[in-house]
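Here is a short report on one protein chain. Please keep the sequence and the 3D view open while reading.

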Amino acid sequence: MGRIVCCSQPPHLRSQLLSRQDMERQSLMTQELVPLARKLAVPYYQNALPAHDQFHASRVHDIARRLASEYEGAVERDVLFAAAWFHDIGRPLETAGEITDHVEWGAVTAGELLQEEEVASDRIAEIQDSIRSHGIRASSPEPSTPEAKLLFDADKLDALGAVGIVRMSCILGEQSGKAGDKIAVIDDSTISESITTNLPDISLLRDRARKRLELLCTEPGQRVGNARWEYIEEFLDQFRAEIDAKR
Ligand SMILES: [Fe+2]
Ligand SMILES: [Fe+2]
């Protein structure tokens with residue numbers, strides 16, 4: 001993707017040619033940005049645990065596409081979709097304890113990777129802005145652009161519905177392993193009479209899903225989130241019935 005400069009033209013024509021070339025290059029870059037982001041990002045997910053692997057990035061990309069198509073307002077789609085591929089590239093390192101903040105690390109690394117490919121600096125800054133605000137930690141900035149809001153919602157939606165239940169169960173398992181002890185039990189204290197632990201039960205998974213639902217910040221995101229929440233309630237009904245040995 002190196003810059004092509006034609007030197008056989010007189011200087012007064014060269015500047016016109018360059019600007020046309022730059023425009024063509026920009027257009028080409030826009031078309032190529034998403035597959036480029038995917039190619040650059042996927043290797044970083046190689047050692048990721050299931051909840052934050054390349055399939056999570058791929059689902060977030062796909063959900064972002066759907067949300068963008070339903071969003072009322074202009075969306076820089078290539079920025080949004082590229083950011084979706086990059087957003088969790090730092091997760092494996094954070095899980096391994098090599099970095100403390102996968103969000104900031106991911107934004108910086110994505111910027112460096114794209115800079116090496118000569119992607120326009122304004123595009124890189126927009127992608128980094130979206131990556132930086134996808135987290136829900138107190139230190140994460142609020143998403144402020146349409147692209148950042150849609151990435152935020154797409155990421156949270158992957159913690160809701162059937163996929164969300166599986167992912168959040170995986171995350172509880174990961175966190176239990178890290179703590180050296182389990183942090184929740186597979187039970188429901190409102191049903192079970194034999195529970196003799198102070199550890200949280202299925203309510204922990206419910207609360208984590210509910211928190212993400214309430215954080216959704218776009219109208220299409222909330223619409224999909226509400227449908228996925230309905231499924232979580234059905235799942236919890238089934239869960240309670242099984243704990244009660246009724247199904
Ligand atoms: Fe993340
Ligand atoms: Fe994510």
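## Contacts and confidence

Take the contacts in the protein chain between residues at least 6 apart in sequence: 63% of them join residues at least 24 apart. The model is predicted.

The chain's pLDDT averages 88, and 85% of the residues score at least 70. Over residues 1–15 the pLDDT is below 50. Beyond near neighbours in sequence, that stretch has seven contacts in the model.

## Fold content

The protein chain has 10 helices and zero strands. From the N terminus on, its elements run α-α-α-α-α-α-α-α-α-α. The chain has 247 residues, and 34% of them are buried.

## The nonpolar core

The largest nonpolar core holds 48 residues. Ala-64, Ala-82, Ala-84 and Phe-86 have the most contacts inside it. Helix α3 (residues 77–86) gives this core its largest share, eight residues.

What does Ala-84 touch, leaving out residues up to four places away in sequence? Its partners are Ala-57, Val-60, His-61, Ala-64, Leu-151 and Ala-154.

## Helix α2

Helix α2 covers residues 54–70, 17 residues in total. At 1.5 Å a residue it should span 24 Å.

Which residues of α2 are buried? They are His-56, Ala-57, Val-60, His-61, Ile-63, Ala-64, Leu-67 and Ala-68. Among them, Ala-57, Val-60, His-61 and Ala-64 also touch Ala-84.

Conventions:
Residues are numbered from 1 along each chain as its sequence is written. Chains are lettered from A and ligands numbered from 1 in the order in which they are written. This is a predicted model: local features need pLDDT of at least 70, side-chain atom pairs count only at pLDDT 80 or more; totals for chains, interfaces and linings use all residues. pLDDT is the predictor's confidence in each residue, from 0 to 100. Two residues are in contact if their C-beta atoms, placed from the backbone, lie within 7 Å. A nonpolar core is a set of buried Ala, Val, Leu, Ile, Met, Phe, Trp, Tyr and Cys residues joined through C-beta atoms within 7 Å. A residue is buried if 20 or more other C-beta atoms lie within 10 Å of its own, exposed if 12 or fewer, and partly exposed in between; C-beta atoms are placed from the backbone. Helices (H or I, at least four residues) and strands (E, at least two) are DSSP runs, numbered from the N terminus. The expected span of a helix is 1.5 Å times one less than its number of residues.
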